[in-house]
Amino acid sequence: MKIDVLTLFPDMFTPVTQESMIGRAVEKGIIDIRLTDIRDFSNDKHNKADDYPFGGGGGMVMMADPIFGAMEHVGAEGRKVIYMSPKGKILDEAKIKELAELDSFVILCGHYEGVDQRVLDYWNAEEISIGDYVLTGGELPAMVLIDSVSRLLPGVLGNENSALDESLYSGLLEHPQYTQPREYRGMDVPEVLTSGNHKLIDLWKLRQALEITKERRPELFEEFVSHRDDLNEDGTKRFSKDEKKIIDEVCEK
């Protein structure tokens, strides 16, 4: 996957693109992340990329011309263009999966009071937000988007199934996790996890995930349990008798 990032602060991305999971994916050639400094396309001798807004108001607005130059430089014509914006639709599982199917896309990072609307209109940019709050610029949201999409690409994670097994991708929040030692400062790992009985372990994980989701994200819980009687494509029941029993018990609490 090729991801072009247009930003006024490309150095902010260095730790993200060179470290941890994404850094390894870049080294393997799974992801090609290219950073473009919008200021490089300014016609101003001081590389100015922003100006006061028409109609007044506080703050500065990023100018159209440098952004157009950067867009043309990376070949954005005909590609998916994303603008990280607090006005956009909240980034969710469905959007992440949709983007993970693409071969490439462009991310535009705004700053100050945003960008000239003509940029968004001309390049048909989709506005995406990571939450109902305002940040200084689009760089941090862009990093969140890149990380969330990258982990769904084949070969990025060590375990190919781990991304789909985690948290929201199963429809529930994730169950608690434990590792060595079994006892730490008087706190023990739940006995079932050391029993070796994989059926009981799976049922414990399901119960924990259901209870946590019901408490913290009731809307996700209701969506999940609404499908408790669904069938698989082959006509078999989605949940076993024991799983269904646990779902019913958590619903009744």
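User: In this predicted model, in which hand does helix 9 pass helix 10?
Analyst: Helix 9 covers residues 218–225 and helix 10 covers residues 241–252. Their axes come within 12 Å. The crossing of helix 9 with helix 10 is left-handed.

User: At roughly what angle do the axes of helix 9 and helix 10 cross?
Analyst: Two packed helices are described by the angle between their axes and the distance between the axes. The angle here makes helix 9 oblique to helix 10, because angles over 145 degrees would be needed for roughly antiparallel. The axes cross at roughly 140°.

User: How many nonpolar residues are in the contact of helix 9 with helix 10?
Analyst: Helix 9 brings Phe221, Phe224 and Val225. Helix 10 meets them with Ile247, Val250 and Cys251. By class, the contact has no polar and no charged residues, and the nonpolar ones number six.

User: How many residues of helix 3 are buried?
Analyst: Helix 3 spans residues 64–74. Its buried residues are Ala64, Pro66, Ile67, Phe68, Gly69, Ala70, Met71 and Val74. They pack against several elements, including strand 1, strand 5 and helix 5.

User: Which element gives the largest share of the largest nonpolar core?
Analyst: This core has 29 residues, and Ile3, Ile31, Phe105, Ile107, Leu145 and Val149 touch the most other members. Among the elements that give two or more residues are strand 1, helix 2 and helix 6. The largest share is five residues, and it comes from helix 6.

User: Which peptide bond is cis?
Analyst: Most peptide bonds are trans. Proline 181 sits in the loop between helix 7 and strand 8. With omega near 0°, the cis bond runs from glutamine 180 to proline 181.

User: Is asparagine 47 buried, partly exposed or exposed?
Analyst: Asparagine 47 lies in the loop between strand 2 and strand 3. Its phi is positive, near 60°. Buried would need under 20% relative accessible area, and exposed over 50%. Because its relative accessibility is 37%, asparagine 47 counts as partly exposed.

User: What is the relative accessible area of arginine 185?
Analyst: Arginine 185 is in the loop between strand 8 and strand 9. It is not a glycine, yet its phi is positive, about 50°. Arginine 185 is exposed, with a relative accessible area of 70%.

Definitions and conventions:
Residues numbered from 1 in each chain as written. Predicted model: local features only at pLDDT ≥ 70, side-chain atom pairs only at ≥ 80, totals over all residues. Heavy atoms only, no water. Axes fitted to C-alpha atoms, helices over the stretch in contact; angles between N-to-C directions. Helix = DSSP H or I, 4+ residues; strand = E, 2+ residues; numbered from the N terminus. Parallel < 35°, antiparallel > 145°, perpendicular 65-115°, else oblique. Left-handed = near helix turned anticlockwise from the far one by under 90°. Contact = heavy atoms within 4.5 Å. Nonpolar A, V, L, I, M, F, W, Y, C, P; charged D, E, K, R; others polar. Buried < 20%, exposed > 50% of the residue type's maximum accessible area, 1.4 Å probe, protein only. Core = buried A, V, L, I, M, F, W, Y, C linked by side-chain atoms within 4.5 Å.
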